[in-house]
Structures are given as C-alpha cells and as structure tokens.
There are 2 protein chains.
Amino acid sequence: MSGVPVSRTVFYISDGTGITAEALGHSLLTQFDDALFRPPIRIPFVNSTEKAREAAARIAAEKEKSGVRPLVFSTLVSPELTEIVHNVDALCLSLIETFVAPLEAELGVRSTHTIGRSHGLTDTSDYKNRIEAINYTFAHDDGVSDGGLEEADVILVGVSRCGKTPTSLYLAMQFGLKAANFPLIPEDFERNQLPGALGSHRSKLFGLTILPERLAQIREERRPGSRYASLENCRSEVRAAERLMKREGIRWLDSSSKSIEEISTTVVQEIRVERIAPR
Amino acid sequence: MSGVPVSRTVFYISDGTGITAEALGHSLLTQFDDALFRPPIRIPFVNSTEKAREAAARIAAEKEKSGVRPLVFSTLVSPELTEIVHNVDALCLSLIETFVAPLEAELGVRSTHTIGRSHGLTDTSDYKNRIEAINYTFAHDDGVSDGGLEEADVILVGVSRCGKTPTSLYLAMQFGLKAANFPLIPEDFERNQLPGALGSHRSKLFGLTILPERLAQIREERRPGSRYASLENCRSEVRAAERLMKREGIRWLDSSSKSIEEISTTVVQEIRVERIAPR
C-alpha cells in the first residue's frame, strides 16, 4: 500500500439501538482526520446468532470490496454474539465487554449480561419523566402557553431565533427537564420589562444571547431582505435583550458558537438541577 | 466489609458535555443491579488542570464520605488531565484513551488529542442539518401544516397519543431526519381514507400502532373519564387505524413496549435512509 491511507468503513453494531456504540465511536473518530473514514453503517438489534452471522458477513464483504480492514465498534453484551461478529478480518472494539470485567472485579459481583437494556426500558419512572418533559416542552414553546409555568424546571428567554427551541427540546429529551421558552420581543424592550407571565418564575429563568451578525444570518435564511433580519435590527434587539436580562438579574450565555448539547449541559450546571434523570 | 455491597457513587467526567461518558457508563451499569449505584454526578467541561484538580477533589471527598471507592467514567482526551483526575482512590475507566491506542495502531497515524470535539462542532453541515430537521419537525407536528411535506424524510401516522411526537423529535435530533407526523382521526376512519395531504407522499409514510389498553391508560391521564380515553373507543380507533394502514400498504410497528430510541432506530432501518447524518 502507498503512504496515502485508504478510508475505512465504520460499523456500529449493537444488540439494542446502537446509539451508545455510535456515540462513543463518533467521539473516538473525532480524534482523527475525517478523511480516514467513510460514512458509518449501523447494524442495530443484533440479538440472535443468525443476526450476528449476517453482521459478520456484511463486515467481511466490506473488507473484500474495499481491500482494507473495516473498523467495528460494538456494544454487544453476549460473549457468544461478540465472538461471532468479531471473528472477521477487521479492527473490532468491544465497548461494553472491555469494561465489564474491571467493573465486576471492583463490585465483587457478576454482570447480568442482559441484552438491549440501555435504551429499552420504557416502564421506568425516568423514561416516563422524559416523555412527559418532551410533551411539556412541546406545549410550552415560544411563549404559546402561560399556563403551567409553575411546573417548568427551566424557562429559556431570548430574542427570536437565538436557539431557544432546539435547546429546550434537548433539555427535555436528554435530561428529562420540563423546559419552557419565551421570546423577548420589541414590545418587551419598549416597556423595558419581562413578559408578565415570567415575573413570578424568576429563579427558573435562563437567557440565551447571540452575536448580532450570527442572528442576522439565521433570520435572513428565514425572511430574506426583511427588517426583522437586518443587521441593524438584530443589533438593536440583542442589545436591548441583554440590557433587560442584566437589569432583571437573569443568568445568560452566548449561544453563537455552541452546540445545543453544550448549551444544554451548561444550563443544567447553572440551574443546578440535582435530581435530573440518569440516561 | 460485610457481604452486603454498599452503593457506589458514579461520576461522569468529560472535557466536553459528558453526554458520551454518560451514555456508555449508563449502558455498563444496566448490566448490574440498580441498587449498587447512587445517582450519578456529572462534571462536564473539565478542560484545564485547575478543573481537573477540582474534579479529583470531588471524587476524593466522595470516597472519604461514603467509605467506598467511587466509579469514574471519563472521556477526557488529554493524557495530562486524565492523570490528574485518575490519581484518586476510585475505579477510573477511561473510555476514550482505552481505544485510542488500538485505533492509532490500526490506522497508522497519531490521534489529534483534540478536546471537546464530539458535541462541540456547530459549523458542520451535519449539525446544521440536525437543527434544520428539529425546526422542520416542530413545524410539522400533529398535521399542523400540509405545506412542505415534499421535504419530509419520513411522515409518521397513527391515532392520537400513540407516540408520534416524541418519536418524530428523536428522529430529528438523533438522526437529522425531517420527520412530520399526522394523526389518524375518526373522520379519516369514516371516510376510510388517509388525510388528503398524505396521498402523494405514500412512500414516506410509516405507521405507529399501540395496544388499546396502553392507549386508554395514556389518554386517561390526559382527559380522565372522557369518551376519548375509554377502552371501547381506543379499541375501535386502533382497529380502524390498523385496517386503514393495511389497506393503504403502510408499514407500521407497535409502539406499546418500545422506547422512542427503539422505535426511531427501527423506523430508520425500515425506511432505509442511507444518507443520514453521523453523530
């Protein structure tokens, strides 16, 4: 082979959804140049010897086709299925098995080797809380409902299109938090007051702000050429929103270059919700 | 120590959000009895020696308080920070470092040891697609908009409260798919026809169904004592919806005992979207 590396096919294989395999695999691959990898192939629900053999055959076929060893990230729990899948010419990393042995030694008990448990439990209170939080967040987007704010774990505020909606949803989905959100609009700035419904929930408020240039870009995609999207208007709204949040003592962060995962994690830290559901 | 195990405190530590550490840690812990563990402590954004020392101090304090070694799942990328955090009396499992060495050997290149990359990239087309998908899904929940269905990657259909909304959101958030959803309502059953807007998007339709008993339970929480929630009505709606989907040749699955992660993963497999965004 020449000095130029051939890009590898990546497999995510699991007895459940494969979401955990992909999360860790993706984290690992971000430590290397993107060009080294092809788009991943997901093989979820590998929970029988037959499906394990099919998965092994797909990996072997890929090796045959590309001429280079694929990378296989698996979260299979069963040693039997792992053996079948990993019996191929590929780099196979067993994300669960690797750590089960040290955990067993530390805890002094054997693991249960139960398949598909991580994302398969629907009768737990954590799961129910999470679904309830999603429904709540849906019903309390963009200030559509003042009712039930006393149930909110957090209320995001900020100018239109600063990232409140996706962040609220992520807070609900990942952390099981009931996240309402309220836009701060020109009318609020004129009155120089928070929307009336928020006054009595001050401790739950968290602000998002954004660079005016970034905001103008986002709004421009939505309403090209509008006054709403103009840089001048965005500057004025952002300035007024920050002034209002400062005056009202609302914590805030700048969402401009942060992902919704980063914003949500920061919000959770800041509001110090200790009782959030484990995932 | 006696034969009864003392429950351990679990730490999730990361230079980024900690979401990957928690996903894999949670998967591992589901292989053991819940009673062995206390609610987890998350320490995200450990990206400096100072924060690493703070994290180590928190772990040490927990060991002191509880008398048993905590369990530490970390996705720290920097060897220096890992050394500081892991220099405590605890079981420390290094989820990234463990696999970086075999990957480096396989690929024949060194990793970049870049901190916080996994959930920190906002200027990629994948990330933008994902945010766009979330916004799309939000705007096309519960049949609120017929417009733009040609843009949808998938359109979920099913009776009211069978799980369409959380599944749609998960499809958008995890897989970057534009997922619209449409309720099947008594009026559709009377006409014995799909809602008019859906006729020209048949290949994107995917049905969810549910056990009438489970549906009645969910609806009862929403509207106690209503005809809408009665078992009789739920039976009749579910039967009619399944008949309609069968007649129209729509693939469907039963959501009754599946998590939104499992339903979404199955939908992705079924609709064979090959071009979905890697996470």
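Let me begin with how helices are treated here: helices (H or I, at least four residues) and strands (E, at least two) are DSSP runs, numbered from the N terminus, and axes are lines fitted to C-alpha atoms, for helices over the stretch in contact, with angles running from 0 to 180 degrees between N-to-C directions. What you see is a predicted model, in which local features need pLDDT of at least 70 and side-chain atom pairs count only at pLDDT 80 or more, while totals for chains, interfaces and linings use all residues. Residues are numbered from 1 along each chain as its sequence is written, chains are lettered from A in the order in which they are written, and side-chain values use heavy atoms, with hydrogens and water left out.

Let me turn to one pair of helices. Helix α6 of chain A (residues 164-175) packs against helix α5 of chain B (residues 125-139) at about 90 degrees, with the axes 10 Å apart; the two are therefore roughly perpendicular, a term for angles of 65 to 115 degrees. Contact, meaning heavy atoms within 4.5 Å, is made by Thr165(A), Pro166(A) and Leu169(A) on one side and by Ile131(B), Ile134(B), Asn135(B) and Phe138(B) on the other.

Now the whole interface. Here 76 residues of chain A are in contact with 76 residues of chain B, and the buried area, which is the accessible area (1.4 Å probe) lost on putting two parts together, summed over both, is about 7300 Å², with 67% given by carbon and sulfur atoms.

Finally, the charged pairs. Between chain A and chain B there are 6 salt bridges, each a side-chain nitrogen of Lys or Arg within 4 Å of a carboxyl oxygen of Asp or Glu. Among the salt bridges of the structure, Arg130(A) meets Glu261(B) at 2.8 Å, N to O, and Arg69(A) pairs with Glu106(B), their closest N and O atoms being 2.9 Å apart. Arg69(A) lies in the loop between α2 (49-66) and β3 of chain A and Glu106(B) in helix α4 (residues 97-107) of chain B, so this pair joins two chains.

How values were computed: Parallel < 35°, antiparallel > 145°, perpendicular 65-115°, else oblique.
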